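Subject: Structure handover and notes

Dear colleague,

Here is the structure to be passed on to you. Please look through it alongside the notes below.

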Amino acid sequence: MEEILQLYRDLGDAEINYLKGALQYLKSVNINEYNLICKILVSIKESHPEFIFYLDNIEGNAVFYRNGEILLDKNISSYSIFFHELGHAMHYFGNGYEIPKKFESLIASLESDPKTPSRCISVIETLQIRKRELSKVIQQKILENGNMEGITQFPEYIEFQLITNLEDIIDAFTKGKSHTRGIRYEKDMFTNVEKGPVSSGHGEDYYSNNDNIFLEIIANLTSLKCSGLYDKYIAYLEYCFGEEFVEFLENYYEKIITDNMPKKVNIENISKLSF
């Protein structure tokens, strides 16, 4: 970690402490992912010295700019949000936001499956129950502390924002319909159209740009990979979209990892998949 902190010495004190906290958290929940992310942070900074992030008072969680900057809301951006934005940076610096052709065919296949909408609604409902449970714990901690200081480091808050990212994967798949108005589907040929709950996400305006669909899914998957909760929540994505789609995303994530690694670094057991 010391090499990383030295490379990122252009960060402010608050950002350095945040980065240390994020990496310590990742190390505590997934040592393998920690080792990979540390190597990537070194590689990206060496190849792209302009890469930097700031904590500030902004409206909204965070954003990654193509000039190499990540901007995080210092009051509400948990580590899961940081790793989400790092996922955008990895994708951009690794291969210039490549979107594999196979992704479109997989999406088309899922869209044609009449079971997909109801499965997505079921998962959203389950996730929102968990978010309500977490919200109660978070509010209790805030009351006990007397303020919101440290909220971004609460395990419950990290999980809460991770679930928000998972809902956004579903929103991306539905091209923003899940967030803007809820998923609609015909339960059967004799009933009216059913409507699911409104989910977290970016909405229809954002996802009217088709490129954003894959970009956000990959960034959200990065957050899941770095959460320590991957095994707990990946099953929800498999239920919605099937194992083939999830395996495709996992393999593409591994491709981004290798795209960002120095040539001298070899990673064993990286799955091979034609993109």
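Predicted model: local features only at pLDDT ≥ 70, side-chain atom pairs only at ≥ 80, totals over all residues.

Residues are numbered from 1 along each chain as its sequence is written, and side-chain values use heavy atoms, with hydrogens and water left out.

Overall fold

The protein has twelve helices and five strands. Both are DSSP runs numbered from the N terminus, with helices being H or I over at least four residues and strands being E over at least two. The C-alpha trace spans about 65 × 50 × 30 Å along its principal axes. For 275 residues, a compact globule would have a radius of gyration near 19 Å, and the 19 Å of the protein agrees with that. The radius is taken over C-alpha atoms, and the globule rule is 2.2 Å times the number of residues to the power 0.38.

Of the 275 residues, 48% are buried. Buried stands for under 20% relative accessible area, exposed for over 50%, and partly exposed for values in between, with a 1.4 Å probe and protein chains only. The accessible surface comes to about 13,700 Å², and carbon and sulfur atoms hold 46% of that; the areas come from the Shrake-Rupley method with a 1.4 Å probe, and for residues only the protein chains shown count as cover. Among contacts between residues at least 6 apart in sequence, 65% join residues at least 24 apart, a contact being heavy atoms within 4.5 Å.

Three strands form an open sheet in the order 1-3-2, with mixed pairing. Strand 1 (52-56) and strand 2 (62-64) stand at the edges with a single partner strand each, so one side of each has no neighbour in the sheet. On average, neighbouring strands here are turned by 10° against each other, direction ignored. Strands count as paired if DSSP finds at least two bridges between them. Strand 2 and strand 3 (residues 69-73) are antiparallel and share three bridges. Within the sheet, Phe64 stands opposite Ile70 in strand 3.

Helix 2 (residues 13-29) lies across strand 1 and strand 3 and runs at about 105° to strand 1. For these angles, axes are lines fitted to C-alpha atoms, for helices over the stretch in contact, and the angles run from 0 to 180 degrees between N-to-C directions.

Salt bridges

A salt bridge is counted when a side-chain nitrogen of Lys or Arg is within 4 Å of a carboxyl oxygen of Asp or Glu. By this rule there are nine salt bridges.

Lys255 pairs with Glu98, with the closest N and O atoms 3.2 Å apart. Lys255 is in helix 12 (residues 243-260) and Glu98 in the loop between helix 4 and helix 5 (101-111), so the pair ties together parts 157 residues apart in sequence. Glu98 is partly exposed at 29% relative accessibility.

Glu159 forms a salt bridge with Arg130, where the closest N and O atoms are 3.1 Å apart. This pair links distant parts of the chain, with Glu159 in helix 7 (residues 155-173) and Arg130 in helix 6 (residues 116-145), 29 residues apart. Glu159 is buried at 7% relative accessible area, whereas Arg130 is partly exposed at 27%. Arg130 and Glu159 also belong to a network of salt bridges that includes Glu133 and Lys232.

Lys141 and Glu156 form another salt bridge, with 2.8 Å between the closest N and O atoms. Lys141 lies in helix 6 and Glu156 in helix 7, so parts 15 residues apart in sequence are tied together. Lys141 is partly exposed at 25% relative accessibility, and Glu156 is buried at 17%.

Backbone positions to look at

Most residues other than glycine have a negative phi. Tyr97 has a positive phi, near 60°. Tyr97 sits in the loop between helix 4 and helix 5 and is buried, with a relative accessible area of 12%. Lys175 also has a positive phi near 60°. Lys175 is in the loop between helix 7 and helix 8 (177-180) and is partly exposed at 33% relative accessibility.

Regards
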